[in-house]
Amino acid sequence: MLTDARTSPSAERLVRALRQAGLRLTPQRLAICRYLAETPSHPTAQEIYRALKPEYPSLSLATVYNALETLVSLGAIYALGDAGDDATHYDANTEPHLNLVCVRCHRIVDLPHQAITQLEQEAEAQSGYRILGARLVYYGLCPDCQRQAASATNAG
Ligand SMILES: [Zn+2]
């Protein structure tokens, strides 16, 4: 049985956001928050659903989408758009960073960068906006897929 003691600080942030939005904190919603906070993999709604369904048989895909949309609307997580696989990927890391998307295996990794922190500070200073988040996505081929493409070429 998972208890509140196992909720990480970052999951706490997401749980607070749901509570603030007036959503009831069901075990399913808490599990979604924990999963988002702990995975480095930028999951889609389907991936979250598949990962949690065995432990939460009553979980529905609609519940997952609903929680994700609420968290996105509050700026607690980011919707990254698709990674070449026609499914929206979600990112619970709201620190300034780049997302690098592999168009072949659809893997997404985070790349923190000082220049992005600086860019956000300058954008705030010049516009008077308070920046709540950013979506910076670079598309390319990851090192693994580059190696595979190279060996396929050599073999052919
Ligand atoms: Zn790849």
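The structure is a predicted model, in which local features require pLDDT of at least 70 and side-chain atom pairs count only at pLDDT 80 or more, whereas totals for chains, interfaces and linings use all residues. Residues are numbered from 1 along each chain as its sequence is written.

The protein chain contains 6 helices and 5 strands, where helices (H or I, at least four residues) and strands (E, at least two) are DSSP runs numbered from the N terminus. Along the sequence these elements follow the pattern α-α-α-α-β-β-β-β-α-β-α. The C-alpha trace spans about 55 × 45 × 25 Å along its principal axes. Of the 156 residues, 20% count as buried; a residue is buried if 20 or more other C-beta atoms lie within 10 Å of its own, exposed if 12 or fewer, and partly exposed in between, with C-beta atoms placed from the backbone. Two residues are taken to be in contact if their C-beta atoms, placed from the backbone, lie within 7 Å. Among contacts between residues at least 6 apart in sequence, 48% join residues at least 24 apart.

The domain assignment divides the protein chain into domain 1 (1-81) and domain 2 (95-156), with bounds that come from an automatic or database domain assignment. The centres of the two domains, taken over C-alpha atoms, are separated by 24 Å. Contacts between them involve 5 residues of domain 1 and 6 residues of domain 2. On the side of domain 1 that touches domain 2, there are 2 nonpolar residues, 3 polar residues and no charged residues. In this classification Ala, Val, Leu, Ile, Met, Phe, Trp, Tyr, Cys and Pro count as nonpolar, Asp, Glu, Lys and Arg as charged, and the others, Gly among them, as polar.

The largest nonpolar core comprises 19 residues, of which Leu14, Ile32, Cys33, Leu36 and Ile77 touch the most other members. Such a core is a set of buried Ala, Val, Leu, Ile, Met, Phe, Trp, Tyr and Cys residues joined through C-beta atoms within 7 Å. Two or more residues are given to this core by each of α1 (9-20), α2 (27-38), α3 (45-52) and α4 (61-73). Ile32 lies in helix α2 and is buried, with 28 other C-beta atoms within 10 Å. When neighbours within four places in sequence are left aside, Ile32 is in contact with Ile48, Leu52, Val64 and Ala67. Under the same exclusion, Leu36 is in contact with Leu14, Ile77, Tyr90 and Ala92. Ile32 and Leu111 are 79 residues apart in sequence, and their C-alpha atoms are 24 Å apart in space.

An open sheet of 3 strands has the order β4-β3-β5, with mixed pairing; two strands pair if DSSP finds at least two bridges between them. Strands β4 and β5 stand at the edges, each with a single partner strand, so one side of each is left without a neighbour in the sheet. Neighbouring strands of this sheet are turned by 25° against each other on average, direction ignored; the axes are lines fitted to C-alpha atoms, for helices over the stretch in contact, and angles run from 0 to 180 degrees between N-to-C directions. Strand β3 (residues 97-102) runs antiparallel to β4 (residues 108-112) and is joined to it by 5 bridges. Asn99 has Asp110 in β4 as its bridge partner. On the other pairing, β3 runs parallel to β5 (residues 137-140), and 4 bridges join these strands. Here Leu100 stands opposite Tyr138 in β5, and Cys102 has Gly140 in β5 as its bridge partner.

Most residues other than glycine have a negative phi, and most peptide bonds are trans. His42, although not a glycine, has a positive phi of about 55°. His42 is placed in the loop between α2 and α3 and is buried, with 23 other C-beta atoms within 10 Å. His106 is likewise not a glycine and has a positive phi of about 65°. The hairpin of β3 and β4, in which His106 takes this value, has 5 residues between the strands. With 17 C-beta neighbours inside 10 Å, His106 counts as partly exposed.
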